[in-house]
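Please look over the sequence and the coordinates shown here before reading on.

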Amino acid sequence: MTAVRKVVARLGLFQVDSVNVFARAHEMPVFSRCGSYDPALLERAVTGPQPILHETWAHVASLVDVSLEPALRHRQASASREAWGSMLRIRAERPELIEEVISQLDQGPATARQISAGERGDHPESWGWNWSATKTALEWGWRSGRVAVAGRTASFEKIYDRPDRVLPPSVRAMPALPGPDAHRVLADRASRALGVFTVSDLVDYFRTRREPTEQALAELVADGLVVPVTVAGQPGWWMRAGAVVPRRINAAALVSPFDPLIFHRPRGRRLFGLDYRIEIYTPARKRVYGYYCLPFLLGQDLVARVDLAARRAAGRLEVAAAWREPGAETSPDFPGWPQVAGALAEQLEEAARWRGLDRIVVVGGGDLAAALSRALG
């Protein structure tokens with residue numbers, strides 16, 4: 001649990017996503033930074049008797065450090081400016097349904113499917129794609145702070161509950177922060193997580209509004225917590241004061257595309273030259289790299305990406321494709337493609353152990369696949 005706590009303290013949030021072809025997005029940041037760990041520890045961090053994370057709307061749907069909840073309440077109060085149109089329509093057109101749905105939670109936590117069974121009879125909703133009015137009403141309650149998410153089912157459905165049964169009493173007792181103070185707290189936390197960043201990176205981290213975020217940044221600069229820097233000779237960057245700049249970085253990690261390191265795509269391009277696009281919704285014949293590619297960090301560079309699938313019933317980790325990252329060899333620290341393949345093989349072996357898989361099989365192509373196959377033996 002110590003490793004989980006350290007990563008939570010550093011990052012502040014883990015983006016949530018339903019894709020589980022290898023591992024869910026919120027499970028990956030701890031693995032990327034600490035190696036193999038028991039995902040049950042992360043579950044306990046959300047649903048245990050002393051939770052340190054709760055699911056709320058921040059970057060997008062995210063597991064967020066519960067201590068930040070008072071800084072996010074101003075967004076709940078202004079949800080009518082940010083929520084999706086379907087939520088706003090049901091708020092305007094069916095307020096009585098919202099009250100009825102929320103009152104159902106007095107009986108205990110429930111999924112939208114469980115509650116909507118009474119509304120939809122023998123035709124319960126398909127939770128991910130066909131939101132019923134009940135689901136939309138619950139989502140409005142969640143975005144506006146009247147409903148909390150107590151956890152997820154095995155099929156990743158949200159379990160809704162009353163906030164007083166989800167959030168620790170000590171957090172509930174804290175006063176909501178007004179907008180300017182909240183932006184200051186969130187900007188401070190984002191700057192610590194990012195280390196080096198632009199204003200747009202800071203805005204994107206918790207998806208805050210730009211003007212108050214810029215004001216919060218100015219306050220951090222005035223207090224000496226953030227300093228202006230150049231990156232590759234380019235101005236417009238900021239760095240957390242006191243951040244360690246190592247002479248050499250010896251990292252090796254598989255990184256989720258939803259990791260805070262790169263979930264803001266412009267940041268990935270500026271810092272790493274990473275041109276990344278999610279191809280899950282791209283027809284297979286039109287995909288360039290694969291269904292669910294994880295970038296591979298070696299040293300201070302993203303040097304490769306692999307399309308992974310955990311075939312749990314067969315006990316094997318499949319590499320559907322392995323690719324060299326274009327331009328990686330131009331880095332002064334680039335070790336050579338055989339060394340990249342060897343380091344990637346070691347990471348895949350650890351990833352397989354983490355997911356309880358006993359074999360790794362390269363089943364697809366890509367310009368790094370042959371070298372990776374040799375490295376895996």
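Does Q76 count as buried or exposed, and at what relative accessibility? The model is a predicted one, and in it Q76 has a relative accessibility of 18%, which means that Q76 counts as buried, since the cut-off for that class is under 20% relative accessible area. The residue belongs to helix α4, which covers residues 69-77. When neighbours within four places in sequence are left aside, the contacts of Q76 are with T56, E69, R143, S144 and G145.

Once residues up to four places away in sequence are set aside, P70 touches V171, M174, P175, A176 and L177.

The protein has 377 residues, for which a compact globule would have a radius of gyration near 21 Å, and the value of 22 Å found for the protein agrees with that. Taken along the principal axes, the box filled by the C-alpha atoms is roughly 65 × 55 × 40 Å. The secondary structure within it comes to 17 helices and 13 strands. Of the contacts between residues at least 6 apart in sequence, 61% join residues at least 24 apart.

Buried residues account for 51% of the 377 residues, while the protein exposes about 17500 Å², of which carbon and sulfur atoms supply 51%. As for charge, there are 48 positive and 42 negative side chains, and the centres of these two sets lie 2 Å apart.

The interior comes next. In soluble globular proteins, nonpolar side chains tend to be buried together. In this model the largest nonpolar core has 77 residues, and the members that touch the most other members are F22 and L254. Helix α16, residues 337-354, gives this core its largest share, with 10 residues. Another core, of 23 residues, lies apart from it, and includes L138, W140, W142 and V147. Not counting residues up to four places away in sequence, F22 touches M28, L294, L308, A310, R312, L317, A351, W354 and R355.

Towards the end of the chain, L372 lies in helix α17, residues 369-376, and because its relative accessibility is 0%, L372 counts as buried. Its contacts, again without residues up to four places away in sequence, are V319, A322, A341, L344, A345, L348 and V362. L372 and V340 are 32 residues apart along the chain, and their C-alpha atoms are separated by 8.6 Å.

Where does F156 lie, and what is its phi? F156 is in the loop between β4 (148-152) and β5 (158-161), and its phi is near 75°, a positive value in a residue other than glycine. With a relative accessible area of 6%, F156 is buried. R207, found in the loop between α13 (199-205) and α14, likewise has a positive phi in a residue other than glycine, near 55°, but its relative accessible area of 37% makes R207 partly exposed.

T208 lies in the loop between α13 and α14, and with a relative accessible area of 10% T208 is buried. Apart from residues up to four places away in sequence, T208 touches H183, L186, L202, V203 and T213. Between T208 and T136, which are 72 residues apart along the chain, the C-alpha separation is 23 Å.

A further loop, between α14 (210-222) and β7 (226-231), contains G224. At a relative accessible area of 39%, G224 is partly exposed. G224 and G242 are 18 residues apart in sequence, and the distance from C-alpha to C-alpha is 9.8 Å.

Definitions and conventions
Residues numbered from 1 in each chain as written. Predicted model: local features only at pLDDT ≥ 70, side-chain atom pairs only at ≥ 80, totals over all residues. Heavy atoms only, no water. Helix = DSSP H or I, 4+ residues; strand = E, 2+ residues; numbered from the N terminus. Rg over C-alpha atoms; globule rule 2.2 N^0.38 Å. Buried < 20%, exposed > 50% of the residue type's maximum accessible area, 1.4 Å probe, protein only. Contact = heavy atoms within 4.5 Å. Areas by Shrake-Rupley, 256 points an atom, 1.4 Å probe, with all protein chains shown as cover. Lys, Arg positive; Asp, Glu negative; His and termini not counted. Charge placed at Lys NZ, Arg CZ, Asp CG, Glu CD. Core = buried A, V, L, I, M, F, W, Y, C linked by side-chain atoms within 4.5 Å.
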